[in-house]
Amino acid sequence: MSKTYLITRPEHDDTTHYLSKWSKDTLSLAEEKEFKVLDLPREKANKIEVESKLMKFSPDLVVFNGHGDDNTVTGHKNEQLITAGKNETLLKNKIIYAISCRSAKILGEKSVKAGAISYSGYDEDFVFVYDPNKITIPCSDSTAKLFLEHSQIFIESIIKGNTIEESKKKAENILRKNIIRLLGSNQDSSLVRYLWWDLKHFVSLGNMNAIV
Amino acid sequence: MKIPKDIKQLVIARLETLPKGRKISIGSRGEFTKEELIESVKKEDEIGKKIVEIELEFLRALKEGIIV
Amino acid sequence: MTKEKFLKIYANLPLNVRKDIVLVIDDEPITWNVAYIEVLNNTKKSIKILKRLEELEII
């Protein structure tokens, strides 16, 4: 039976623009692996669309790009999509990845309690550095790549059928590899602190052996 | 809680070493130049406090060995 | 004891990190390398440096 992949990709500021572009390649991989892909870019990353897709298609893998806080993930123009205590039950039986800041802290835990298979994300603000001169071509931004590559790898690994644990290790290894490279004596190590922060606060909750 | 003077000076000195012409996205708080971050640390606003937290956490982690 | 802690941590720091500012003492930025020289020479400054590094839980 074919799997379904839902992804929100708001693009209303620099941050969401970068997150959106850096996760776009996962769509083609998912299609290649014969997933049904539900892409919600820009203004389509709204609550009505998200709730409707979650209820109608019950996707196996859900990726939320955007902002958020401890209790919520947001979409287009920071509209709340999923909020702890309100609608996290919609995430039941799904594998979730939220590149939305801090949502793993409370929403993540509550989602798993409500039946989400697993919830991966960050329990602190996700930080990344980018070159504003590359804003129109974010995927060519080598500074941003240091911070965003691991996220793409994480999603792709899950799509390819690896467990959450395996996928998390792959993602963490990318961040570590970037840290080690920048620590080389011929490099600028000033960004290491932010890579290290993201590595430390990248968490996965729920069933680590789950596959999509 | 007020940030001690030497901590502010430390964080500002470290922020000065960030590369020019880059912006830093900090969660849902926005995107900032290093100059804006330095101002935030001086003002001790929410962003400034977050940056201080990130810097101190990193410095404290060095004693455990940074490659873990 | 604090001196030993510092030297152990310093020895394990990547070369690039040793050039980073780790403290500001009396309005002067101090890198790991500068701190190392002060500590090795048991200067008065090294006492302040080690004390503050310990207070901040950096060592």
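Strand β9 (residues 127-130) of chain A and β1(B) pair in the antiparallel sense over four bridges; two strands count as paired if DSSP finds at least two bridges between them. Strands and helices here are DSSP runs, numbered from the N terminus, with strands (E) of at least two residues and helices (H or I) of at least four. Within this pair, A:Phe128 stands opposite B:Ser25, and the bridge partner of A:Val129 is B:Ile24. The model is predicted: local features need pLDDT of at least 70 and side-chain atom pairs count only at pLDDT 80 or more, while totals for chains, interfaces and linings use all residues. Residues are numbered from 1 along each chain as its sequence is written, and chains are lettered from A and ligands numbered from 1 in the order in which they are written.

The pair belongs to an open sheet of three strands in the order β9(A)-β1(B)-β2(B), with antiparallel pairing. Its edge strands are β9 of chain A and β2 (30-32) of chain B, each of which pairs on one side only. Neighbouring strands of this sheet are turned by 25° against each other on average, direction ignored. Helix α1(A) packs on the sheet, where it touches β9 of chain A together with β1 and β2 of chain B, and its direction makes about 85° with that of β1(B). Such angles run from 0 to 180 degrees between N-to-C directions, and axes are lines fitted to C-alpha atoms, for helices over the stretch in contact.

## Contacts between chains

The contact of chain B with chain A takes 21 residues from chain B and 23 residues from chain A; two residues are in contact if their C-beta atoms, placed from the backbone, lie within 7 Å. On the side of chain B that touches chain A, the elements giving two or more residues are β1 (23-26) and α3 (46-61) of chain B. Of these, α3(B) gives the most, with six residues. By class, this side of chain B has nine nonpolar, five polar and seven charged residues. In this classification Ala, Val, Leu, Ile, Met, Phe, Trp, Tyr, Cys and Pro are nonpolar, Asp, Glu, Lys and Arg are charged, and the others, Gly among them, are polar.

Chains C and B also meet, in a contact that takes 16 residues from chain C and 12 residues from chain B. Strand β1 (residues 21-25) of chain C gives the most to the side of chain C that touches chain B, with four residues. That side divides into 12 nonpolar, one polar and three charged residues.

## Chain A: overall form and sheet

Chain A has seven helices and 10 strands. Its radius of gyration is 16 Å, close to the 17 Å that the globule rule gives for 212 residues, so chain A is as compact as a globular protein of that length. The radius is taken over C-alpha atoms, and the globule rule is 2.2 Å times the number of residues to the power 0.38. The C-alpha trace of chain A spans about 55 × 35 × 35 Å along its principal axes.

Six strands of chain A form an open sheet of mixed pairing, in the order β2-β1-β3-β7-β8-β10. Strands β2 (36-41) and β10 (202-206) stand at the edges with a single partner strand each, so one side of each is left without a neighbour in the sheet. The twist averages 10° from one strand to the next. Strands β7 (residues 95-99) and β8 (residues 118-122) of chain A pair in the parallel sense over three bridges, and A:Ile96 has A:Tyr119 in β8(A) as its bridge partner. Helix α3 (residues 47-57) of chain A packs on this sheet and touches β1 (4-9) and β2 of chain A, its direction making about 170° with that of β2(A).

## A helix pair in chain A

The axes of helix α1 (residues 14-23) and helix α5 (residues 142-159) of chain A come within 9 Å and cross at roughly 50°. That angle makes α1(A) oblique to α5(A); angles under 35 degrees count as roughly parallel, over 145 as roughly antiparallel, 65 to 115 as roughly perpendicular and the rest as oblique. In this contact, A:Tyr18, A:Trp22 and A:Ser23 of α1(A) meet A:Ala144, A:Leu148, A:Ser151, A:Gln152 and A:Ile155 of α5(A). The contact has five nonpolar, three polar and no charged residues.

## Chain C

Chain C has three helices and two strands, which follow the pattern α-β-β-α-α along the sequence. Its C-alpha trace spans about 25 × 25 × 20 Å along the principal axes. Helix α1 (residues 2-11) and helix α3 (residues 44-55) of chain C pack at an angle of about 75°, with their axes 10 Å apart.
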